[in-house]
Amino acid sequence: MIYQTLISSIAVGVGGAANITFTSIPATYTDLTLILSARTVTGLGQETMRVQLNADTGNNYSTRTLYTDTVNSVSSTSYTSIPYFLNSGWLPGDNNTASVFGNIEITFPNYTSSANKLVQFNSTSETNLASATGILAVAAGTWANSAAITSIKLYGDYGQNFARYTNAYLYGTLKGTGGATAS
Amino acid sequence: MAPTKIIHNCETGVTEEVELTASEIAELETAREQAETDQANREAAEAARATLKVSAKAKLLAGQPLTEAEADLLLG
């Protein structure tokens, strides 16, 4: 059984928010999981969400994404994003179905390790419009840094706000049984 | 109202909504302009691809030679 503890959550209110950040993340867990229910206000289709760790803006990130969508015949395509952030997948925008939010789950295994960090992404950008694609993506990322992850910043690559009612939940997971850390 | 960001301190449990600085707003504007440029480029590329596909199909049906770009598109 996996034991997860809710560390913190962020809810976006009226007016939206350009970015959201968890800071001072405790180092007391084995893994972190961030679950996001979100939408952006972009008018340019779906917006990819970027992840920046410990305010690091350097060339230290790598993400490889595999995705498929609901309109094009492409069954799967992979690409590598530019290396100044992690690319977590797509979120619906203003020209997607109204009030429908996308979902992204991000796992940071061994986030306090002194080795480079691996990151796993699963995302669904939902839409019911025939003219727009809903994108399902999985991605693997790395952050070349030996420091424990203490902050996570989320923001869209189109520079648009997260919509009101976007919610982000940060969980901690302990390895072992009964929620107790085991070696 | 200026654009804002939300910062949550997991240690204290305090959530702050902070107005963006001038440089952060400038970064957002740059990202938005880049997104519009990228979108226009994607749409132009898709339109060109669709035109090329129609041309390639017509030439195939008429038994005419294809251009290299048309052949590349068909062979995918």
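**View 1. Chain A meets chain B.**
In this predicted model, 23 residues of chain A are in contact with 17 residues of chain B. Together the two chains bury about 1,600 Å² between them. Carbon and sulfur atoms carry 54% of that area. How many salt bridges does the rule find across the interface of chain A and chain B? The count there is 0. Polar contacts are found, however: 10 residue pairs cross the interface in this way, both residues at pLDDT 80 or more. On the chain A side, strand 1 (3-11) and strand 2 (19-23) each supply at least two of the residues that touch chain B. Sorted by class, this side of chain A has 13 nonpolar, 9 polar and 1 charged residues.

**View 2. Strands pair across the two chains.**
Here a strand of one chain lies beside a strand of the other. Strand 2 of chain A pairs with strand 1 (residues 4-9) of chain B. In which sense do they pair, parallel or antiparallel? The sense is parallel, and the pairing covers 5 bridges. For one position to look for, take A:T23. Opposite A:T23 stands B:N9, in strand 1 of chain B. In general, side chains in a regular strand alternate between the two faces of the sheet.

B:I6 has B:E17, in strand 2 of chain B, as its bridge partner. The two strands form a hairpin, with 5 residues between them. Which residue in the turn has a positive phi? It is B:G13, with a phi of about 80°.

Over all chains the count comes to 3 salt bridges. One of them joins B:K5 to B:E24. Their closest N and O atoms are 2.8 Å apart. The pair links distant parts of the chain. B:K5 sits in strand 1 of chain B, while B:E24 sits in helix 1 (residues 22-62) of chain B, 19 residues apart. Is B:K5 buried or exposed? B:K5 counts as buried because its relative accessibility is 16%, and the cut-off for buried is under 20%. In general, side chains of opposite charge can pair when their charged atoms come close.

B:E29 forms a salt bridge with B:R32. The closest N and O atoms of this pair are 3.4 Å apart. How many residues separate B:E29 and B:R32 in helix 1 of chain B? They are 3 residues apart, so about one helical turn separates them. B:E29 is partly exposed, with a relative accessible area of 37%. B:R32 is partly exposed too, with a relative accessible area of 22%.

Chain A has 12 strands and 0 helices. Of its 183 residues, 49% count as buried. Among contacts in chain A with a separation of 6 or more, 78% come from residues 24 or more positions apart. Now look at two loop residues. A:S99 is a residue other than glycine with a positive phi, near 65°. Where is A:S99 found? Its loop runs between strand 7 (86-91) and strand 8 (102-108) of chain A. A:S99 counts as exposed, at 63% relative accessibility. A:N110 is also a residue other than glycine with a positive phi, near 50°. A:N110 is placed in the loop between strand 8 and strand 9 (117-125) of chain A. At 45% relative accessibility, A:N110 counts as partly exposed.

Technical notes:
Residues are numbered from 1 along each chain as its sequence is written. Chains are lettered from A and ligands numbered from 1 in the order in which they are written. This is a predicted model: local features need pLDDT of at least 70, side-chain atom pairs count only at pLDDT 80 or more; totals for chains, interfaces and linings use all residues. Side-chain values use heavy atoms; hydrogens and water are left out. Contact means heavy atoms within 4.5 Å. Buried area is the accessible area (1.4 Å probe) that two parts lose on being put together, summed over both. A salt bridge is a side-chain nitrogen of Lys or Arg within 4 Å of a carboxyl oxygen of Asp or Glu. A polar contact is a pair of N or O atoms within 3.5 Å; within protein, one must be able to donate a hydrogen and the other to accept it, and residues adjacent in sequence count only if both atoms are side-chain atoms. Helices (H or I, at least four residues) and strands (E, at least two) are DSSP runs, numbered from the N terminus. Ala, Val, Leu, Ile, Met, Phe, Trp, Tyr, Cys and Pro count as nonpolar, Asp, Glu, Lys and Arg as charged, and the others, Gly among them, as polar. Two strands pair if DSSP finds at least two bridges between them. Buried means under 20% relative accessible area, exposed over 50%, partly exposed in between (1.4 Å probe, protein chains only).
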